[in-house]
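Dear colleague,

I am handing over the structure we spoke about, and below it you will find notes on what turned up when I went through it. Please read them with the structure open beside you.

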Amino acid sequence: MELLLLLILPVGGAAWLGIAGAQRRAPEVNAAFSLGTFLAACALAVRVIRHGDLLLGEEQFFIDPFNVFLVTLTAFVGMTTALFSRPYMRTELDHGRLTPGRLRLYHSMYQLFMFTMLLALTTNNMGLMWVAMEGATLSTVLLVTLYRTPASLEAGWKYFILCGVGIAQALFGTILLYVAAEKVLGSQGVTALLWTHLDAVKSQLEPTVLALAFVFLLVGYGTKVGLVPLHSWLPDAHAEGPTPISAVLSGLLLNVALYAVVRSKVLVEGSVHSQLPSRLLMGFGLVSVVVASLLLWRQRDIKRLFAYSSIEHMGIATFAFGMGGPIANFAALLHMTVHSLTKSSIFFTAGHAAQKTGTQAMDRIRGLITLSPTVGWGLMLGSLAILGVPPFGVFTSEFLILTTAMRTQPWATPILLAALAVAFAAIFSKVQPMVFGETTGRRLPHAPALLPVFAHLAIVLLLGLYIPPYLADWYRAAAHLIGG
Amino acid sequence: MSPLPLGQQLLDTCAALLLLLSFAMLSQRRVVALVNLYALQGAVLAAATLLLAWRTGEDHLYVSAALTLVLKVALLPWLLHRLIRRLQVYRDTEPLLNVSGTMLVGLVIVVFAFSLAQPITRLASTATRSAIGIALAVVLLAFLMMITRRKAMSQVVGFLSMENGVLFGAMSASYGMPMVVELGIALDVLVAVLVLGVFFFQIRERFDSLDLHHLESLKEHE
């Protein structure tokens with residue numbers, strides 16, 4: 001029931017906003033649908049906490065602690081982003097960067113995007129998961145090109161082609177998985193792609209084929225996670241699309257893609273009995289962290305800067321999942337949560353800063369703190385949080401990952417620490433003059449919605465100081481599921 | 001050595017035709033002909049699916065063949081032809097690598113694909129397992145085509161041909177995927193082409209051209 005609501009609300013929202021979305025209240029309707037989706041997600045989470053794993057709809061949907069936590073997070077950030085986009089997109093309309101028709105497309109696609117992500121998270125069928133991930137790409141291509149500037153068209157094209165090719169690799173990986181599973185589960189083919197069935201027989205699956213399948217799946221979904229060297233679509237799509245889309249791409253889509261990778265890893269690891277999946281994840285993760293932190297120095301566009309920071313943080317989480325074990329998995333899940341909350345709040349403030357100063361070029365954004373103390377402090381606090389400054393949750397997760405790395409992978413610790421230091425210096429030296437210094441901005445016609453920013457940062461702060469016991473149990477259960 | 005049964009021989013012929021068509025697409029510069037080759041590839045794929053359905057008696061393969069026929073032989077080529085007419089793009093510019101060079105790279109790719117397919121071929125129990133190498137080769141050749149072409153339209157045909165290869169792989173390794181997944185894939189492909197149609201008009205409106213060298217300004221600046 002909750003699940004049905006969770007999936008139907010965004011589809012209904014997309015249809016409603018697509019048909020009747022040109023009216024004045026569309027942003028509010030969008031927010032209302034997102035709120036409904038979030039409530040459904042909460043109800044689903046409560047049910048899973050009370051009664052344990054759920055298998056619904058003829059086993060096509062499977063909810064366990066691992067995905068229900070991501071479902072709740074996705075629905076929550078989806079809701080706050082809808083709240084943020086309300087005044088933001090109105091201002092864009094007033095500045096003449098959009099037409100009402102395009103705003104309708106934006107709202108409709110926004111809901112459709114939420115639907116595809118929730119479907120990818122809740123489905124038990126690896127094939128359907130692929131279909132939903134491809135759907136997530138398709139529904140956001142037109143959002144990236146919403147402004148129709150040459151740069152945004154280029155970003156959209158790059159996004160489409162790179163993710164399209166990547167996702168074709170993932171389909172091939174899924175097929176290989178199916179071939180191996182069919183041997184064990186029988187050839188009627190109904191159950192051979194269901195994750196729960198695959199999980200039950202994973203030790204009997206043919207190792208060489210599964211190893212090959214994992215490489216294809218990792219390359220395919222890894223393109224969407226933004227792992228280096230498959231990342232080149234990510235900064236462009238983040239910088240050229242509208243800010244709410246940058247926030248959900250960075251905060252949610254990357255998480256969902258990483259979820260797909262981790263689900264595949266659980267299966268493959270049960271079969272191959274070698275270090276291959278772990279090593280691959282650690283390798284890709286570490287390369288992403290290092291390359292992204294070095295590229296941070298060269299950025300001039302505020303949204304590109306934080307897009308590279310997303311690659312870095314996804315690299316950290318991927319590395320942690322690669323290490324495996326209860327603590328590293330716990331830390332990786334926590335890291336996904338706090339990164340998603342912090343990064344979306346940073347994009348919110350960066351978007352407002354860009355609107356106020358009329359530019360995304362960082363050397364022309366100055367003195368945000370005098371312009372608007374809330375935007376200035378929001379950006380400053382958000383940047384400090386993402387850089388892992390102690391009281392915030394990112395510190396906790398990075399600390400856990402680093403200490404685990406010292407124990408199990410000592411060689412990687414200095415590389416990680418150095419990369420984190422480089423990233424700290426790069427981001428801090430760029431954010432500091434933007435926040436302080438002489439002002440250059442203007443007033444906005446619609447008061448910005450900064451509640452989401454501070455709500456996100458407050459949660460991240462809370463997670464850094466104190467993780468409530470039921471939440472900790474929840475993460476632990478999820479970490480246990482991933483195993484490794 | 002006893003001769004292979006007729007159905008098997010026909011299936012192998014289909015596989016060979018698919019590979020041949022991939023090479024033909026790789027060398028074809030005219031966009032209209034490229035779309036026709038794509039439609040032909042779809043037709044061969046549908047024929048192979050039909051043969052397999054008849055040989056194995058798996059009902060869902062009939063549905064799959066019908067789906068391929070409607071989508072890839074009729075609907076998608078029609079949409080693409082319409083786009084070409086309305087956008088007036090008939091020829092691709094000189095590819096990044098000349099035709100003979102591309103062909104040589106293609107040959108190396110086929111050898112590579114066959115060696116990569118070895119472990120899967122050994123595992124698969126289907127009568128068509130020898131075709132898995134061909135499917136992988138079709139995927140990689142389509143990939144090569146996407147890399148070497150400059151025009152958006154040719155890249156899209158490459159993308160679609162890659163999906164043909166993946167589906168042929170699914171068919172020869174395990175007699176197709178579960179129905180719900182195949183329907184989902186077909187839906188995604190259809191939506192992808194529709195989204196691209198919209199997208200092309202946006203590019204066109206902005207640049208008066210579908211040449212992708214306009215789309216090369218987003219590089220890392222120093």
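Are helix 5 of chain B and helix 6 of chain B roughly parallel or roughly antiparallel to each other? Please keep in mind that this is a predicted model. In chain B, the axes of helix 5 (residues 132–148) and helix 6 (residues 152–174) come within 8 Å and cross at roughly 170°. An angle over 145 degrees counts as roughly antiparallel, and the two helices are therefore roughly antiparallel to each other. Among the residues that make this contact are B:Ile132, B:Val139 and B:Met146 from helix 5 of chain B, together with B:Gln155, B:Phe159 and B:Ser172 from helix 6 of chain B. The residues of the contact divide into 14 nonpolar, 7 polar and no charged.

Elsewhere in chain B, B:Glu58 lies in the loop between helix 2 (31–56) and helix 3 (59–87). B:Glu58 has 17 other C-beta atoms within 10 Å and is therefore partly exposed. If residues up to four places away in sequence are not counted, B:Glu58 touches B:Ala53 and B:Tyr175, whereas 25 Å separates its C-alpha atom from that of B:Leu75, which is 17 residues apart from it along the chain.

Lastly, the largest nonpolar core has 254 residues, and those with the most contacts inside it are A:Leu176 and A:Ala213. Helix 6 (residues 150–185) of chain A gives the most to this core, with 21 residues. Leaving aside neighbours within four places in sequence, A:Leu176 is in contact with A:Val209, A:Leu212, A:Ala213 and A:Phe216, and also with B:Ile120 of chain B.

With best wishes

Key
Residues are numbered from 1 along each chain as its sequence is written. Chains are lettered from A and ligands numbered from 1 in the order in which they are written. This is a predicted model: local features need pLDDT of at least 70, side-chain atom pairs count only at pLDDT 80 or more; totals for chains, interfaces and linings use all residues. Axes are lines fitted to C-alpha atoms, for helices over the stretch in contact, and angles run from 0 to 180 degrees between N-to-C directions. Helices (H or I, at least four residues) and strands (E, at least two) are DSSP runs, numbered from the N terminus. Angles under 35 degrees count as roughly parallel, over 145 as roughly antiparallel, 65 to 115 as roughly perpendicular and the rest as oblique. Two residues are in contact if their C-beta atoms, placed from the backbone, lie within 7 Å. Ala, Val, Leu, Ile, Met, Phe, Trp, Tyr, Cys and Pro count as nonpolar, Asp, Glu, Lys and Arg as charged, and the others, Gly among them, as polar. A residue is buried if 20 or more other C-beta atoms lie within 10 Å of its own, exposed if 12 or fewer, and partly exposed in between; C-beta atoms are placed from the backbone. A nonpolar core is a set of buried Ala, Val, Leu, Ile, Met, Phe, Trp, Tyr and Cys residues joined through C-beta atoms within 7 Å.
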